[in-house]
Amino acid sequence: MDMIANIDRQLRDLDERSLTRRRRTVDTPCAPRLVIEGRPMLAFCSNDYLGLAAHPAVVAALREGADIYGAGSGASHLISGHSRAHVRLEDRLAEFESPHLDNARALSFCTGYMANLAILTALGADAGAEIFSEQLNHASLIDGARLARAQVKLYPHADAAALASLLDASTAQTKIVVTDSVFSMDGDLAPLPELLAACERHGAWLVIDDAHGFGTLGAHGRGALEHFGLRSPNIVYMGTLGKAAGVGGAFVAAHASVIELMIQRARPYIYTTAAPPALAHALLASLDIIGGEEGASRRAHLQALIAQFRDGLRLQRWQLPASATAIQPIIIGANDEALRVGAGLYGQGLWVPAIRPPTVPAGTARLRVTLSAAHTHEDVSQLVAALNQLERT
Ligand SMILES: *Cc1c(COP(=O)(O)O)cnc(C)c1O
């Protein structure tokens with residue numbers, strides 16, 4: 001029983017530092033209006049930025065996909081799990097990102113976490129590879145760099161000049177720069193044009209994790225590359241399909257040779273069962289929406305909600321950092337105060353997650369508000385009023 005006592009001690013220690021995490025059970029589809037444990041709530045938590053997770057056309061396509069392909073894929077992609085639905089999805093994604101990549105090909109994954117492990121282990125397996133990782137990168141990129149067992153150098157947040165000096169000083173044969181495009185806990189954008197220029201000068205790969213940009217950025221929703229108007233053979237692009245695309249999974253788009261190397265060498269691709277083909281089939285419907293007129297009008301509505309949120313807040317003690325994306329953090333500071341404010345909102349029927357270390361740096365506990373095209377202006381007014389009032393109490 002010493003072993004259990006040891007674990008209980010660790011759990012108590014988390015609790016004493018206000019770091020215990022808990023899950024809430026949602027009884028209804030992903031939408032702003034939810035029922036949680038029997039209670040109706042208005043939520044500002046999900047990454048369903050375009051409101052596609054419960055979109056009737058996407059749900060109908062998922063059902064149709066199950067009718068055509070069944071429930072499961074049955075095997076990994078390299079055995080018998082690679083279905084016609086996956087091929088269609090990969091072809092569509094490659095075409096979608098092709099304005100921004102040379103000889104584009106795409107590879108689908110079960111999750112973005114695995115896609116990031118796959119990119120960094122495949123590219124970083126080269127003897128003497130060096131990975132240059134942005135300080136605020138997502139946990140999956142940090143873990144991917146560790147798994148690649150390459151040398152890792154951190155560069156400061158959004159600092160392209162610091163990156164350039166690190167690249168200058170490097171003698172590594174394979175240089176891999178890796179960054180989030182939209183920072184998941186801050187909502188700001190990486191200076192991708194400057195980072196890419198440094199990568200091109202130094203013959204380095206630029207791995208871009210566009211988990212929060214794919215579907216939401218760019219006139220056609222193609223993401224960060226479209227937003228900044230970038231095109232380069234140095235880019236390895238990762239987009240997730242469980243956030244704005246509303247379903248699940250992820251993809252990597254890059255030069256065909258990079259993709260072929262991942263198929264041959266990336267263990268997180270090779271040694272796992274392919275995602276259910278019905279998901280790929282549903283994603284084709286969601287890509288139709290993202291790239292079409294409905295996607296454009298959903299993005300415009302989302303931008304109007306973001307402006308309304310920022311204009312309405314009257315904060316004195318807390319901070320609202322610059323962010324033009326659907327991720328709007330309110331920095332509170334102390335873990336216990338962030339929890340208290342989160343609980344205060346919850347008591348008013350508003351669900352906003354409090355994010356604490358180690359997800360964010362110590363002393364920067366925050367409320368992470370995410371907006372979605374499925375929200376209304378009334379929803380945002382209600383949240384803004386509650387936040388303005390809670391800050392004064
Ligand atoms: C969500 C997220 C991932 C992981 O994607 P999943 O499909 O949820 O595994 C990777 N990178 C960033 C920046 C993310 O926000």
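**Ligand shell**

I looked up the residues around the ligand in this predicted model. There are 13 of them, and Gly 112, Tyr 113, Asp 209, His 212 and Lys 243 come nearest. Here "around" means that a heavy atom of the residue lies within 4 Å of the molecule.

Before going on, I noted the ground rules: residues are numbered from 1 along each chain as its sequence is written, and side-chain values use heavy atoms, with hydrogens and water left out. Local features need pLDDT of at least 70, side-chain atom pairs count only at pLDDT 80 or more, and totals for chains, interfaces and linings use all residues.

Which helix gives the largest share of the shell around the ligand? I found helix α4, residues 112–124, with 3 residues. Helices are DSSP runs of H or I with at least four residues, strands are E runs of at least two, and both are numbered from the N terminus.

I sorted the shell by class: 8 residues are polar, 3 charged and 2 nonpolar. In this scheme Ala, Val, Leu, Ile, Met, Phe, Trp, Tyr, Cys and Pro are nonpolar, Asp, Glu, Lys and Arg are charged, and the others, Gly among them, are polar.

**Ligand contacts**

I then checked polar contacts (pairs of N or O atoms within 3.5 Å). A side-chain N or O atom of His 212 is 2.5 Å from a ligand oxygen. For Lys 243, a polar side-chain atom lies 2.6 Å from an oxygen of the ligand. Gly 112 uses a polar backbone atom, 2.7 Å from a ligand oxygen. Of the 380 Å² of accessible area that the ligand has on its own, the protein covers 82%. That area comes from the Shrake-Rupley method with a 1.4 Å probe.

**Largest pocket**

Next I looked at open space. A pocket is an open set of points on a 1 Å grid over the protein atoms alone, where a 1.4 Å probe fits, with protein on both sides within 12 Å along at least five of seven lines; lining residues have an atom within 4 Å of a point. The largest pocket holds about 800 Å³, the space filled by probe spheres set on the points. Its lining has 24 residues, with Arg 22, Trp 351, Pro 353, Ala 354 and Arg 356 closest to the centre. Helix α13 gives the most, 5 residues. The lining has 14 nonpolar, 4 polar and 6 charged residues.

**Second largest pocket**

This one holds about 380 Å³. Closest to its centre, among 18 lining residues, are Leu 136, Asn 137, Met 185, Thr 359 and Val 360. I counted 8 nonpolar, 6 polar and 4 charged residues in the lining.

Note on methods. A polar contact is a pair of N or O atoms within 3.5 Å; within protein, one must be able to donate a hydrogen and the other to accept it, and residues adjacent in sequence count only if both atoms are side-chain atoms.
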